[in-house]
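Colleague: I have the structure open in the viewer. Can you talk me through it?

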2 protein chains.
Amino acid sequence: MNNEKLVKLDRIDRKILEELQRHGELSNQELSERVGLSPSPCSRRVKALEDAGIIVRRVTILDHKKLGLALTAIILIGMDRHTPERFEAFERQVGEYPEVQECYLITGQDADYMIKVVVPDMDHYHEFLLNKITRIQGVSGVHSSFVLRRVIDSTALPLGYL
Amino acid sequence: MNNEKLVKLDRIDRKILEELQRHGELSNQELSERVGLSPSPCSRRVKALEDAGIIVRRVTILDHKKLGLALTAIILIGMDRHTPERFEAFERQVGEYPEVQECYLITGQDADYMIKVVVPDMDHYHEFLLNKITRIQGVSGVHSSFVLRRVIDSTALPLGYL
DNA sequence: AAATAAAGCGCAATGTGCTTGCTAATTTTC
DNA sequence: GAAAATTAGCAAGCACATTGCGCTTTATTT
């Protein structure tokens with residue numbers, strides 16, 4: 001549970017992570033075959049990776065189009081004052097909105113936050129922006145971009161550096 | 001496998017999706033309890049949601065800091081010419097780089113692509129930008145921002161609109 | 001409104017896969 | 001190079017997922 005430094009990972013651990021990041025549905029049996037291990041040590045390694053906090057959680061990815069959520073927006077947001085109170089209030093408020101999938105505090109003179117928002121269509125986006133984002137105290141500048149095509153949409157980390 | 005219109009989803013289906021998008025590790029047994037169903041119909045519903053393509057895939061989320069991947073960058077990229085060949089070449093090339101977690105073709109006059117990149121540190125980022133991104137044919141403008149804090153980092157879709 | 005058709009739930013049983021203890025082998029350390 | 005520690009593999013016990021089936025509930029039709 002601590003945020004301490006890197007745990008030692010051998011080649012098999014990396015293989016396990018590589019497989020699981022892309023195929024979270026894999027049974028332990030199939031995973032063990034792919035990494036060249038028998039089921040029991042494979043299961044133990046996965047558990048160790050979970051306990052070490054390297055494996056954070058498992059999630060299920062849904063199809064937004066099939067759920068009627070066709071519009072994804074990237075919004076760059078600037079704040080009027082860079083005080084902790086402003087930031088805290090913004091972050092607390094943004095956390096209340098399920099439409100916000102990602103929110104990062106970023107560097108750069110153009111914006112303080114970058115958020116990714118998923119909504120059904122442009123009407124809902126407009127409503128979201130006006131009634132939710134621009135209403136938050138301290139939001140001074142907003143610049144919207146819309147996703148035309150998802151070229152890459154992954155959660156996988158590059159494990160080649162380890 | 002088709003991209004046809006929305007399948008009808010009742011309240012229980014939505015509950016299942018709501019649980020699974022946040023807790024992909026849930027056993028069918030525990031899921032069934034949470035949505036107020038016995039295991040068998042719950043399993044059948046999940047399978048139906050998979051077959052309908054609403055459940056796309058399961059993934060495992062890893063801890064980047066523990067893996068020594070401390071730097072996340074948001075890069076806005078402009079292209080010199082807006083021709084299909086340019087776009088195709090860029091997208092093909094970017095797909096080769098495991099550091100790129102997301103890549104979206106977006107609207108806006110400032111940029112054509114927004115990509116999210118994960119690397120160990122600033123040195124590696126610099127190298128990545130110079131040797132990989134700016135080398136791609138047609139890349140004319142690049143603007144980098146760096147993630148200072150991950151306020152929200154989720155893959156969950158807002159299911160309240162259904 | 002009554003009857004029929006359709007869809008979905010729950011129970012039970014079967015089969016598969018996960019997990020834990022233990023022994024042997026491999027790797028690491030001094 | 002020897003001892004100690006870590007880790008793989010085997011086997012067994014156990015838990016869970018899944019499939020068939022009868023029944024209830026909902027939807028449809030006349």
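**DNA contacts and helices**

Modeller: Of the atoms of DNA strand C within 4 Å of the protein, 65% belong to sugar or phosphate, and the rest belong to bases. This is a predicted model, in which local features need pLDDT of at least 70 and side-chain atom pairs count only at pLDDT 80 or more, while totals for chains, interfaces and linings use all residues. Residues are numbered from 1 along each chain as its sequence is written, chains are lettered from A and ligands numbered from 1 in the order in which they are written, and side-chain values use heavy atoms, with hydrogens and water left out.

Colleague: Which residues surround DNA strand C?

Modeller: From chain A, Ser27(A), Asn28(A), Gln29(A), Ser40(A), Ser43(A) and Arg44(A). From chain B, Leu37(B), Ser38(B), Ser40(B), Pro41(B), Arg44(B) and Arg45(B). A residue is near the strand if one of its heavy atoms lies within 4 Å of it.

Colleague: How many are nonpolar, polar and charged in the surface near DNA strand C?

Modeller: The surface has 2 nonpolar, 7 polar and 3 charged residues. Ala, Val, Leu, Ile, Met, Phe, Trp, Tyr, Cys and Pro count as nonpolar, Asp, Glu, Lys and Arg as charged, and the others, Gly among them, as polar.

Colleague: Where does the largest share of that surface come from?

Modeller: From α3(B), with 4 residues. Helices here are DSSP runs (H or I, at least four residues), numbered from the N terminus.

Colleague: What is 2.8 Å from a base nitrogen of DNA strand C?

Modeller: An N or O atom in the side chain of Ser40(B). On the backbone side, a phosphate oxygen is 3.1 Å from a polar backbone atom of Gln29(A).

Colleague: Changing topic. How is chain A divided into domains?

Modeller: Into domain 1 (1–61) and domain 2 (71–146), with bounds from an automatic or database domain assignment. Their centres, taken over C-alpha atoms, are separated by 35 Å.

Colleague: And which residues are buried in α1(A)?

Modeller: Asp13(A), Ile16(A), Leu17(A), Leu20(A) and Gln21(A) are buried, meaning under 20% relative accessible area (1.4 Å probe, protein chains only). They sit on the same side of α1(A) because they cover an arc of only 125° around the axis, taken from the directions from the helix axis to the C-beta atoms.

Terms used: Polar contact = N/O pair within 3.5 Å; in protein donor to acceptor, adjacent residues only side chain to side chain. Helix = DSSP H or I, 4+ residues; strand = E, 2+ residues; numbered from the N terminus. Buried < 20%, exposed > 50% of the residue type's maximum accessible area, 1.4 Å probe, protein only.
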